[in-house]
Amino acid sequence: MKTRSLALALALAFAAVVAGPSVSAVRAADDTIVFGAAVSLTGSLAKEGHLTQEGYDFWKDWINAHGGMKVAGKTYKVDIKYYDDESSPQTAARLVEKLIDQDHVGFILGPYGSGTTFSAAAVAERKKVPMVEGNGAAERIFNQGYRYTFGILSPARRYLEGIVDMGKAQTPKPKTLAISASNDLFSVEVQQGVVDYAKAHGIDVVYTAKYPENSTDVSAVISAIKAAHPDIILNAGHTNDALLVHKGLKEQNVQAMIYGYSVGPDTPDFRNALGRDANYVFGSAQWSDAVKYKGEKGFIPSAPQYAAEFQKKFGHKPDYHNAESTAACLAFQYAMQRGGSLDTEKVRDALAKLDVTTFFGILKFDSRGLNVFKPMVVNQIQNGELVTVWPAGLAQAKVAWPTPVWAKR
Amino acid sequence: MQLFFQDLVNGILTGGILALVALGFSLVWGIMNIINLAHGTFIMLGAYVTYQLFVSFHLDPFLCIPIAFVVLFALGYVTQLSIINYVVRAPVLTTFLLTFGLSLLLENVILLIWTGDTRSVTTGYSGAHLDVGGITIPLVKLLTLVIALAIGGLTQLWLARTKLGRAIRATSMDVGAAQLTGVRVAHVYAIVFALSAGLAGAAGSLISVSYAFSPSSATPFLIKGFIVCVLGGLGSVQGALVGGLVYGIVETFASQYIGAGYADAVALAVLLVILVFRPTGIMGRATA
Amino acid sequence: MIGIAGNRVAILVAALAMLALLFVPLAKSDYTNALFRGILMYGAMSYGWNVIGGYTGYVSFGNVVFFGIGAYAAALLATHGITDIGLSIVAAMVAAALFAVVLGIPVLRLQGHYFGIATLSIALAAQDLISNIDAFGATNGLSPKAATLFGAAVPYVVTYYAMWVVCALALAGTYAVSRSRLGYALVAIRENEGAAAVLGINPTKYKVIAWAISGMMGGGAGAVFVYANSYIDPATAFAVDNNVFPIVMALLGGVGTVAGPLLGAFILTAINETLWNHFPFIHTLFFGAVIVIVVLFLPRGLLALIAARRSWSLYVQHLRAYRV
């Protein structure tokens, strides 16, 4: 008896879960367009996932506050349905499937991180639902022949090129380079990219190493870097890696002309955690509020204005993770408004043909769906403030050069 | 050659902190026969307590050690009496899963309180170093090692010399006999668990200065704690200290001479070999 | 724990549930398929864990390694042009079983916590090694093209049926083991290894066989997962979730039973799914609490609860049993 009643209760519970709350607006139901996003709210990417969500939410509220989005003569409000992918690619894939199938979302905004984006892209492709992402820079995602995934950010391989260019324009000229990388999809591509670039531009690569992802101690790597006496010290990794490496470099008193990180210096965490030691550090960025691109009317007019409104809304300056997430939404907005349709296939085609300039920069995709047309910028921390120093045309301040000894920063 | 000695120094300094990471873990494992998967999360809590005191009251992180110890001690005591005590004699599987559940829960609480930001405590003197014949010795890590050794020594003294300490050791050898001689086992276990959590808190304080951390950083420290425990042998203070130093050195040299990417794999391989051939650890202390 | 014969009713219900699961794709929703495919996958992995951790009493904390090896075996075959899903499953099972035999001989000498730690280290080390080997795609991972069957391309839904087959095999295998001489030998080892040896049971032989069977179940699930997910990297193949969920599921349903793992997979998936939907920021907090509650109040699983006449007294009994 008990078995039967339990089985029944379970079946009912399960049916309730499955049939569940799929009441959320169907694609373009009446007057709301619903986007779906699986972002990391918990797990190792929780911080960056949060920045991603802020970027998406900014656009959502901005559009709705400006009277909504006009597609083919009809005005729509926009909404975004979020799930937590727990920073896990496996979960991200499942949730994108859920967004599309159960919540009937017709358009996907990407998760944070290359691994999660990769598995989400596979689902988007299979379901033929367009996904625009601003936070998965690994080129491998775009070498699969996928038609429905569009990345609005510069690819991983190009992350640290700007720092090399910037260095070459200084005197005395740096001649040697060392780079360590966290062994993950994104960072390894960043490392490979800058190694190739440096060699092609006459800089001697004296040390490379990959250490395990989520390492807690990299002192052996630091000692090896010190022994190689490089002029440029770079690290490909995430904020945690940047902090760990920079602290280690100071501890072992490693002196160089350039300290550059692929991810980290842009986030306030980095400056808060390091204090004065953060000064003179270079970070590459997809965007900064110094960029001078002008957006069209109805599409967020300029970087400074974006920064000001963002600051008012969230209480902190936007970093490039915020901006690239917002820009991913803009790509959809353009595709829908210009394409004049909410049909997923037509939106996809409009995305493929996109060629516009926004506050974030050019949004245009190559045949793989990757935005290889937008340059990166280089920021430097000067007196505790993040300023853009490269390319020269966008510089808010001159490069502080050369980097003094540790005690004088 | 200089690099070799620099690595040796790095390994020893890293090992000091790992010894403290493993010490509390080892006590609970050796004395209560529980593998506490929430130990890494306790360490993170210690780091966050230190960070908060540093940011809010500009308290020196080394002065925060006793505070983090006391806060975590109290948390450990309550956790033991309210939850762990009900499974103390249960099979491995039960305690393993229970503490895993606890760690998930606590990690989410940390995330809610302190957000997912990556943190680190940087003081005016961080990065100060000695230069000995071309080998750099970071002072903060040296101090960390000294403190870790001191805490280990104090723990050992306490276990050997005090009445409660002797009761703990008696309980770890034979629960039934200890009970017969009037030891309140539940109280002893609560103290051991609290002490272990307190030591985790102290380790967290030290980690906050030398490393960077976020709510999800618990796992790597937990795994290293595992390895160090097995290396040194369970439930002994000396075991944890020696295990920590050996692990620190092995990891550093593996990273330098085999390849940084293989550092963890080599450490795990060493662990497996020791498990199979000498399961009581390199110190050879047999435990139940 | 419930007797080796298991609860006949429960086994019947499990078999019927498996039959019912065959009809899930009729709903024509990929998400529903994915959800139930997840149940089948974790079910198979949970059965795998149950053979070694439940019946034999060797609590493995690294069984995810078999899932990972199965996944990589299939993905590697795919990079060499072999995408037949049936063949992939078989190859994955063979690879996982071989791995289990080779490592089982030294590692199964260890007991209790030491065995647990050793298995966990194996899983972690496997992930670290694959992260460094370019032939396995290192941290880039591998992304096989769509599956085929007997040389013909097959629709995506086939991944569902393939996972069903793997889980059904695991269920049937567990049933067969529980009824066989092997099953009795395993339980004898669990209850008292020394006594079992005296009775003429060769513990090493049976333990290694049990672990190999355990590996085959996890490996098969891994092979299908690769085609369902179309991408595999070390972090996914050896994910903590994939290690812990199967154990919690077996515990929830009933360790060392035939029906328990499937029941546990159903319930835990339902709980997780509900939490996910309603509490995006704090679902791990609740999930952690669920594990704590299950362990404290239901350490013998739901099946034991159902079997007991006075279930309320059982709660109290559990709480008293392991206290000091």
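Strand S1 (residues 32–39) of chain A and strand S3 (residues 74–84) of chain A run parallel and are joined by eight bridges, where strands, like helices, are DSSP runs numbered from the N terminus (E of at least two residues for strands, H or I of at least four for helices), and two strands are said to pair if DSSP finds at least two bridges between them. Within that pair, A:Ile33 has A:Val78 in S3(A) as its bridge partner. Before I go on, please keep in mind that this is a predicted model, in which local features need pLDDT of at least 70 and side-chain atom pairs count only at pLDDT 80 or more, whereas totals for chains, interfaces and linings use all residues. Residues are numbered from 1 along each chain as its sequence is written, and chains are lettered from A, with ligands numbered from 1, in the order in which they are written.

The S1–S3 pair belongs to an open sheet of six strands in chain A, ordered S2-S3-S1-S4-S5-S6, with mixed pairing. At its edges stand strand S2 (69–71) and strand S6 (149–151) of chain A, each of which has a single partner strand, so that one side of each is left without a neighbour in the sheet. From one strand to the next the twist averages 30°.

Strand S7 (residues 176–182) of chain A pairs with S8(A) in the parallel sense over seven bridges, and the partner of A:Ser182 in S8(A) is A:Tyr211.

How is chain A divided into domains? The assignment, which is automatic or from a database, gives domain 1 (26–154 + 290–364) and domain 2 (158–285 + 376–408), and the C-alpha centres of these two domains of chain A lie 29 Å apart. Their contact takes 15 residues from domain 1 of chain A and 15 residues from domain 2 of chain A, two residues being in contact if their C-beta atoms, placed from the backbone, lie within 7 Å. On the domain 1 side there are five nonpolar, five polar and five charged residues (Ala, Val, Leu, Ile, Met, Phe, Trp, Tyr, Cys and Pro count as nonpolar, Asp, Glu, Lys and Arg as charged, and the others, Gly among them, as polar).

Turning to chain C, 35 of its residues are in contact with 38 residues of chain A. Helix H12 (260–278) of chain C is among the elements that give two or more residues to this side, and H12(C) gives the most, with seven residues; by class, the side of chain C that touches chain A has 17 nonpolar, 13 polar and five charged residues.

The contact of chain C with chain B takes 40 residues from each of the two chains. Here H5(C) gives the most to the side of chain C that touches chain B, with 14 residues, and that side has 28 nonpolar, nine polar and three charged residues.

Lastly, two helix pairs. Helix H11(C) and H12(C) pack at an angle of about 110° with their axes 7 Å apart, axes being lines fitted to C-alpha atoms, for helices over the stretch in contact, and angles running from 0 to 180 degrees between N-to-C directions. These helices, H11(C) and H12(C), are therefore roughly perpendicular to each other (65 to 115 degrees; under 35 counts as roughly parallel, over 145 as roughly antiparallel and the rest as oblique). Their contact has 12 nonpolar, three polar and no charged residues. In chain B, the axes of helix H1 (residues 2–32) and helix H8 (residues 185–210) come within 8 Å and cross at roughly 165°, which makes H1(B) roughly antiparallel to H8(B). The residues of that contact of H1(B) with H8(B) divide into 20 nonpolar, three polar and no charged.
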